[in-house]
Amino acid sequence: MNDTAPYAATDAGSQAFQLLAQSASAFGNQTDRMFLAMLLLCGCVALALVVVIVYFSIRYRSGSKADRSNPPDGARGLEAIWTATPLLLFVCIFVWAARGYVQLYRPPDNAMTIFVVAKQWMWKLQHRNGRREINELHLPLGQPVRLVMTSQDVIHSLFLPAFRIKQDVVPGRYTSIWVTPDRTGDFRLMCSEFCGSDHAGMLGRVIVMKPAEFTRWLDAGAQEPGLAAQGFALFRQHGCSGCHDSSNGSSTVRAPDLNGLLGRSVHLQDGRTVIADDVYVRDSILLPSKDVVAGYAPVMPSFAGQLSEDDIFALIAYLRSTTERGSDVQLSQ
Ligand code: CUA
């Protein structure tokens, strides 16, 4: 790879033969260990089978002088062992993999959110201070980052080989994934779901920087207003504040107060309780009758078609900022 290629990444090619770039996160290392363990296990089983097959084919070949009298007609002990051993191994692998899976879909509370919109054929990314990038994703070293993703058209899939992460990006809903990079450098970013004629060109790179360098990079591209402020403007512009803001002194509040909503559990009319997360907010905006809050009438109109995916991300960022102000967390990130 050379520097002039648009998406040259340091993990792209190296002197030694390798199928996958060297891992750049703890999760990646864990995935590699599991892959290696499964490979060794399967390799050993396959080898044992081959040895036994070859041994018996030679020993009991037609015309050999092997003793064929008195063949065994049962071996309970042996059967118990070959039943219990694989069962135990499979259960261990299941527990190991399930733990990794749960970890992959449960980001730590301090994870920084980055919004991702996929479209034919590019990746649009937006950081909390409003800084946008296309086909490039800058990340700070050692800091957990959560990617909240959606698509503007068809199904795409975000693949970050160096982090051993692949997640479908689906129109009409949010998917999310998180990672803590533990190595600086340039890594590949690609689409791994066939999404049309230029699918193969839907490439980009991930640039992992030292935290101080990252902060400088992020500040250099800060948008005025930031994402949360854009969300606040939309909140007023589309009239959300008319019903949802209890602090405006209006006596005709017919809707739940949304201050500090994100992360709170919400009781719904049909008896369910949900945690208000990005998906909940998005659904409440576009499909307001899906999750009606207990004690309120289902009077909110849908905003489908009036807000772009970027707008909804901004609204979520605004709501999240009200949560963080409540708990004295810095809004600037
Ligand atoms: Cu997007 Cu393939």
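Me: What is the mean pLDDT of the protein?

Reply: pLDDT is the predictor's confidence in each residue, from 0 to 100. Here the mean is 82, and 89% of the residues reach 70 or more. This is a predicted model, in which local features need pLDDT of at least 70, side-chain atom pairs count only at pLDDT 80 or more, and totals for chains, interfaces and linings use all residues. Residues are numbered from 1 along each chain as its sequence is written, and side-chain values use heavy atoms, with hydrogens and water left out.

Me: Where is confidence lowest, and where is it highest?

Reply: Helices (H or I, at least four residues) and strands (E, at least two) are DSSP runs, numbered from the N terminus. Confidence is lowest in helix H5 (residues 240–244), at a mean of 77, and highest in strand E6 (residues 156–160), at 93.

Me: At what angle do the axes of helix H1 and helix H2 cross?

Reply: Two packed helices are described by the angle between their axes and the distance between the axes. Axes are lines fitted to C-alpha atoms, for helices over the stretch in contact (heavy atoms within 4.5 Å); angles run from 0 to 180 degrees between N-to-C directions. The axes of H1 (residues 26–59) and H2 (residues 76–104) cross at roughly 160° and come within 11 Å. H1 is therefore roughly antiparallel to H2, a term for angles over 145 degrees.

Me: Which residues of H1 meet H2?

Reply: Among them are Phe 27, Met 34 and Leu 41 in H1, while H2 contributes residues including Leu 89, Ile 93 and Trp 96.

Notes. Angles under 35 degrees count as roughly parallel, over 145 as roughly antiparallel, 65 to 115 as roughly perpendicular and the rest as oblique.
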